[in-house]
Amino acid sequence: MCYHLSFYFLYYAHSYMCIPEHLTTLPAPMFSRNEFSIWGFLKKCIGMELSKITMPIVFNEPLSFLQRITEYMEHTYLIHKACTRSDSIERMQLVAAFAISAVASQWDRTGKPFNPLLGETFELTRDEEGYRLISEQVSHHPPISAFYSESLNQNFSFHGSIYPKLKFWGKSVEAEPKGTMTLELSKHREAYTWTNPMCCVHNVILGKLWIEQYGTVEIVNHSTGDKCLLNFKPCGMFGKELHRVEGHIQDKSKKKHRVIYGKWTECVYSIEPKVYEANKKAEKKSGGDSKKHKQDEIKSRGDDADEMPDVQETVTMVPGSTLLWRVAPRPPNSTQMYNFTNFAMTLNELEPGMIGVIAPTDCRLRPDIRAMENGDIDTASREKERLEEKQRAARRERAKDEEEWSTRWFQQGNNPYTGAADWIYKGGYFDRRYPHLPDIY
């Protein structure tokens, strides 16, 4: 017990005494996928839900889906800033910016995260950013990941559960992230809920892979009745709307207070609705009609691939706008490192002081992900197969003994604000007592 506590003390004492230096690169660059026939595998999967299919490791990136959803926390400063605002509309602006920023890391991230094993966990404590997070794979079929994060000064909690439904449609893979995000600001006694937009990866068979997000996201403040309606715009025929987000904030009487606009890959602004509409009218009067040129361009394209449109000019700021969020630049070696952001690059860090402190189910300890990160694809593939077979064998044993799987840190329930099915954090993870955890690795 003393040995365990000494590690705990040293690890966290170090965190509080200094701002840690995080990884800025991976141990090895990503491998080439050119020699693998994706079509040979995917042609039998058209119209099927891919989460029920064991995928070859060449599709993966060296992170678990539990680590991938942790990337929602990259721009936590927006929540901290919202906590300091006295006006509910100003708080909603920042919550909307946070919801948009949460999907920014998906830009150009065409690798698939590893499916978490049942019972797998991931924790992250960032003292310098004032929060900690715990997540758990609570269901295997369907695959559901639950997470809970909180500020270290008890100003907010952010939590949810995600069931990523993936379908292959011949030339593209569509991901529907089913599940509700809930943000609670304790000082203001407010709760916000929303769901994430759809995501589509184009050209999985032929051509350059590219990603778009689309769909309507409704953020509701359940305390004031304020809403933010965001439209993640699909690319469209001419590519003009690629990556664009536009919406507005309204109060409970449906009066519009602010317009939100920008790109989920770049930045988000807020402005008075009347000013924004006047600017749009002025643009329409002064802008030439380039549709004919665009139509001729479309006709000249082949049908073999969903060609990615040329990315349009960066977001033009309308005079009078307020910048809410701007994406951080990616590291210079990002394209060789699975297009990871600086934040993603740090998620598999395993410092010596963590051993014996983090739970033995933490995905930093997964041998297949670690091998892939180190560039050893053969070992990663063997370990992935071994772990999946071990999981199947454990399921057969439970069925034989008529034993139900029991989650450790979350329990099924209903979201207290929407009434929808959800997974609720039971607490206790950071007490650092991990008896009877399953041996999943």
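## Starting from Glu 266

Set aside residues up to four places away in sequence, and Glu 266 touches Thr 314, Val 315, Trp 325, Arg 326 and Val 327 (contact means heavy atoms within 4.5 Å). This is a predicted model, in which local features need pLDDT of at least 70 and side-chain atom pairs count only at pLDDT 80 or more, while totals for chains, interfaces and linings use all residues. Residues are numbered from 1 along each chain as its sequence is written, and side-chain values use heavy atoms, with hydrogens and water left out.

Let's stay with Glu 266 for a moment. This residue sits in the loop that runs between strand S14 (256–263) and strand S15 (267–271); helices (H or I, at least four residues) and strands (E, at least two) are DSSP runs, numbered from the N terminus. A salt bridge needs a side-chain nitrogen of Lys or Arg within 4 Å of a carboxyl oxygen of Asp or Glu. What Glu 266 does have is a side-chain polar atom 3.3 Å from the backbone nitrogen of Val 315.

Strand S14 also holds Arg 258. Arg 258 counts as buried because its relative accessibility is 14%. Its C-alpha is separated by 5.5 Å from that of Ile 271, 13 residues apart along the chain. Beyond its neighbours within four places in sequence, Arg 258 has contacts that include Gly 247, His 248, Ile 249, Ser 270, Ile 271 and Thr 322, as well as Ile 89 and Gln 93. With Gln 93 there is a side-chain to side-chain polar contact at 2.9 Å. A polar contact is a pair of N or O atoms within 3.5 Å; within protein, one must be able to donate a hydrogen and the other to accept it, and residues adjacent in sequence count only if both atoms are side-chain atoms.

Now for helix H5. This helix covers residues 88–101, 14 residues in all, and spans 20 Å from its first C-alpha to its last, close to the 20 Å expected at 1.5 Å a residue (the expected span is 1.5 Å times one less than the number of residues). At its start, a side-chain oxygen of Asp 87 comes within 3.1 Å of the backbone nitrogen of Ile 89. H5 is mostly covered, with 13 of its 14 residues buried.

That leads into the core. A nonpolar core is a set of buried Ala, Val, Leu, Ile, Met, Phe, Trp, Tyr and Cys residues joined through side-chain atoms within 4.5 Å. The largest one has 79 residues, and those touching the most other members are Ile 100, Phe 156, Phe 158, Leu 183, Trp 194, Ile 219 and Leu 230. H5 gives the largest share of this core, nine residues. Tyr 429 makes a side-chain polar contact with Glu 123 (2.6 Å). Glu 123 lies in strand S3 (residues 121–126) and is buried because its relative accessibility is 2%.

Back to charges. The whole structure has 22 salt bridges. Arg 68 and Glu 61 form one of them, at 3.0 Å from N to O. Arg 68 counts as buried because its relative accessibility is 12%, and Glu 61 does because its value is 0%. Arg 396 and Glu 389 pair at 2.9 Å, N to O; Arg 396 is partly exposed at 49%, and so is Glu 389 at 34%. Elsewhere, salt bridges that share partners tie Glu 61, Arg 68, Glu 71 and Arg 109 into one network.

Finally, step back to the whole chain. The secondary structure comes to ten helices and 18 strands, and 51% of the 441 residues count as buried. Of the contacts between residues at least 6 apart in sequence, 63% join residues at least 24 apart.

Note on methods:
Buried means under 20% relative accessible area, exposed over 50%, partly exposed in between (1.4 Å probe, protein chains only).
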